[in-house]
Amino acid sequence: MRPNTTLRAWRAGKSTIGAWLSIPSAHATESLSHAGFDWLCVDMQHGIIDYADAVDMMRAISTTDTIPFVRVPWNDPSIIGKVLDAGAYGVVVPLINNRQEAERAVWAAKYPPAGGRSSGPARATLYAGADYQDHANDETALIVMIE
């Protein structure tokens, strides 16, 4: 599986530099991907980016070593799973207010036995590699926004 260099840097206590994307443009995303950021976050919570836009933007990011993250609109297992299946290497989940909501996000983002994510890595295996499901729990970041 392609390594999540951002997550590995964080685990080693290192800083990374990234940017947030709120304009649904694969061309702008590709240009920023080539600017040298460690990660880019496609923001589906605020702005006008929908799922189809997010997939095209992740395709643009995959032309580089930049790591693709997605901030989903809500703590909803269906969209968390979809963006991971599409190749997001990290999910930012907003509006987490208590332990149960955080546990729900973990359940949605991780394959069993760590969670309840269903199997269907449609694009993730193309981006990450054929062994994606064997390593996804360790290589995908889950970031909860405690609000």
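The structure is a predicted model, in which local features need pLDDT of at least 70 and side-chain atom pairs count only at pLDDT 80 or more, while totals for chains, interfaces and linings use all residues. Residues are numbered from 1 along each chain as its sequence is written, and side-chain values use heavy atoms, with hydrogens and water left out.

Start with the sheet. Helices (H or I, at least four residues) and strands (E, at least two) are taken as DSSP runs and numbered from the N terminus. Five strands make up an open sheet in the order β1-β2-β3-β4-β5, and the pairing is parallel; two strands count as paired if DSSP finds at least two bridges between them. The edges belong to β1 (18–21) and β5 (141–146), each with a single partner strand, so one side of each has no neighbour in the sheet. On average, neighbouring strands are turned by 20° against each other, direction ignored. Axes here are lines fitted to C-alpha atoms, for helices over the stretch in contact, and angles run from 0 to 180 degrees between N-to-C directions.

Glycine 18 has tryptophan 39 of β2 as its bridge partner, and tryptophan 20 sits opposite cysteine 41 in β2. Five of the five residues of β2 are buried, so the strand is largely enclosed by the rest of the structure; buried means under 20% relative accessible area, exposed over 50%, and partly exposed in between (1.4 Å probe, protein chains only). Trp39, Cys41 and Asp43 point one way from β2, whereas Leu40 and Val42 point the other way.

Leucine 40 of β2 is worth a stop, with a relative accessible area of 0%. Beyond its neighbours within four places in sequence, leucine 40 is in contact (heavy atoms within 4.5 Å) with residues including Ala19 and Leu21, Thr29, Leu32 and Ser33, and Ile67, Pro68 and Phe69.

Not counting residues up to four places away in sequence, valine 91 touches Val70, Val72, Ile80, Val83, Leu84, Ala141, Leu142 and Ile143.

Two of those contacts, Ile80 and Val83, are among the buried residues of helix α4 (residues 77–85), which are Ile79, Ile80, Gly81, Val83, Leu84 and Asp85. These buried residues pack against α3, β3 (67–71), β4 (90–96), α5 (99–109), α6 (124–128) and α7 (132–139). After α4 comes glycine 87, with a positive phi near 115°.

The axes of α2 (residues 26–33) and α3 (residues 51–61) come within 8 Å and cross at roughly 30°. That makes α2 roughly parallel to α3, given that angles under 35 degrees count as roughly parallel, over 145 as roughly antiparallel, 65 to 115 as roughly perpendicular and the rest as oblique. Ala26, Thr29, Glu30 and Ser33 of α2 meet Asp56, Met57, Ala60 and Ile61 of α3 in this contact.
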